[in-house]
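Me: Got a model open here. Can you walk me through it, strands to start with, then the aromatics?

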Amino acid sequence: MQEASIEFDVSGKISTGIIRYSETDPYWVEAIISDKVVHSDGLDLFAALQEVRRSLWKAEISPLVNGARVDAYPSSMTREMSGGLLAYLHELGVRPSKSDLVNIFDRADASMIGSVESQEKYFSTWQASIS
């Protein structure tokens, strides 16, 4: 298990909390912020983080990590090889390179964070932009 102190956006204010996650299958992610604990299992770490984010979003809480960036999404290869720990930062019309790979639990700026739905929509738009 890995554990890290991370920042969360809580209704527009920055607070510090904890993120925990498994390093091997079965994959899970747990976020702890104030008195709230959210845990989710997933096919990989990215999927588990998405489920945690969905739960937190309802309480207007967002983890400020790369995996919550609207433009971040893993490829099937990175999901398989890293268990979803790595994702690409996508730019419309451009195929990502190795230099665009990020750890999903590393810090991200609040201005880059969005809902899981906005992340999924951006990824679909990006896929269409490179076809």
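Me: How many bridges hold E1 and E2 together, and in which sense do they pair?
Reply: Strand E1 (residues 2-10) pairs with E2 over 9 bridges, in the antiparallel sense. Strands are DSSP runs of E, at least two residues; helices are runs of H or I, at least four; both are numbered from the N terminus. Two strands pair if DSSP finds at least two bridges between them.

Me: Which residue in E2 is the bridge partner of Val10?
Reply: Lys13. Keep in mind that this is a predicted model: local features need pLDDT of at least 70, side-chain atom pairs count only at pLDDT 80 or more, and totals for chains, interfaces and linings use all residues. Residues are numbered from 1 along each chain as its sequence is written, and side-chain values use heavy atoms, with hydrogens and water left out.

Me: What's the strand order in the open sheet?
Reply: E4-E3-E2-E1-E5, 5 strands with antiparallel pairing. Strand E4 (36-42) and strand E5 (61-63) are the edges, each pairing on one side only.

Me: Now aromatics. How many pairs?
Reply: The structure has 4 aromatic pairs. Rings of Phe, Tyr and Trp (its six-membered ring) pair if their centres lie within 6.5 Å; planes under 30 degrees apart are stacked, over 60 edge-to-face, the rest tilted. Tyr21 and Phe105 are stacked, because their ring centres are 4.1 Å apart and their planes at 15°.

Me: Are those two buried or exposed?
Reply: Tyr21 and Phe105 are both buried. Buried is under 20% relative accessible area, exposed over 50%, partly exposed in between (1.4 Å probe, protein chains only).

Me: Which residues make up the ring cluster?
Reply: Phe46, Tyr73, Phe123 and Trp126, linked by ring pairs.
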